[in-house]
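These are my notebook entries on one structure.

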Amino acid sequence: MFAPFPISRPRRLRRTAALRRLTAASGPGLPDMLWPVFVVAGENQRQPIDSMPGQERMSADELCRSLEPLVARGLGGLMLFGVEAECAKTPDGARAWDENGIVPLALRRLKQAYPELPLFTDVCLCGYTDHGHCGLWHCPDSATSPAGGCIDNDATLPLLARMALTHAAAGADGVAPSAMMDGQVAAIRQALEAAGHHDTVLLSYSTKFASALYGPFRDAAESAPRHGDRRSYQADPANLAAALRESVLDEAEGADILMVKPATFYLDVIQRVRQQTSLPLAAYNVSGEYAMLHSLAAAGGGDLPALVRENLLAIRRAGADIILTYWAKYHAFFET
Ligand code: PBG
């Protein structure tokens, strides 16, 4: 007779914490994270953001202070957003390329305090235009456009390039176009090269969806569109093929790092982009994802550090090398 076939015992490798650690991939740590921060003008400014508990808008000096423990623990870098005063916003968003604007001033200060810390900047007009769109708003011809206007893609490109150049000159290690204009990566790369900024990294928000998860961010950055929405330029959550093509095109235009945004609702997209590129891949764990876990924990529905670790682990498992996450601030969550 045959001896009974030994049953499979996968639990053997899960018996102790040491065996589990030995046989599993490690979760993302602080060095894999970029912390997105909202910078305001002035000194000694700390303004809590109601829709994002625990996050604040800060002036550059306060930001420098709050970075100390994070830099000491190896934070991967920052993604900077400037929050412009309402009265300084214009139709073309000209403050976006002012060399003495909020972001350039913060860059100079941060570089001085933390010369090694990688600094990335968001390159988009929505925080600087009075209409809140990511590009130039134009042609109010209600006959051809029922919404009464449209985004002028090609006229926006030189403005984004100018903004990127201003950031590069002020010390940004990388610029991150997020306006979802066609050709923005090529336009910015070309302008950087022409100005001698050969080493400025181009992190493209290559597959950025028109998502309902950006609500808290728009509150934090005061960048909500005053009319209409962003569906004519951001990717359609219902169209996977088009979303993947966006990343392919940005790689061809010269992006150094690609990104999928948001992350948690789009793990399939992260996995697909991972399979089609050998560039480093970032994923943006956006404001709505952050607020979601906060609300769950605040309602007594779970342990916040455990929820956060599982969320970021899923994003890493899907294939992201770099995670943009507001949770980077909570470094203790990742010290195991
Ligand atoms: C700017 C921009 C947005 C976010 C990052 N860059 C808002 C938007 O596209 O409306 C969202 C980030 C978040 O929700 O955390 N275009």
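The entries below begin with the model itself and then turn to the ligand.

Entry 1, the model. I noted that this is a predicted model, in which local features need pLDDT of at least 70 and side-chain atom pairs count only at pLDDT 80 or more, while totals for chains, interfaces and linings use all residues. Residues are numbered from 1 along each chain as its sequence is written, and side-chain values use heavy atoms, with hydrogens and water left out.

I found 18 residues around the ligand, each with a heavy atom within 4 Å of it. Lys-208, Arg-218, Lys-261, Ser-287 and Tyr-326 come nearest.

I looked for pairs of N or O atoms within 3.5 Å. A polar side-chain atom of Tyr-326 is 2.6 Å from a ligand oxygen atom. In the side chain of Lys-208, an N or O atom lies 2.8 Å from an oxygen atom of the ligand. For Ser-178, a polar side-chain atom is 3.4 Å from a ligand nitrogen atom. I also recorded that the protein covers 100% of the 400 Å² of accessible area that the ligand has on its own (Shrake-Rupley method, 1.4 Å probe).

I located Ala-243 in helix 7, residues 240-252 (helices are DSSP runs of H or I, at least four residues, numbered from the N terminus).

Note on methods. Polar contact = N/O pair within 3.5 Å; in protein donor to acceptor, adjacent residues only side chain to side chain. Helix = DSSP H or I, 4+ residues; strand = E, 2+ residues; numbered from the N terminus.
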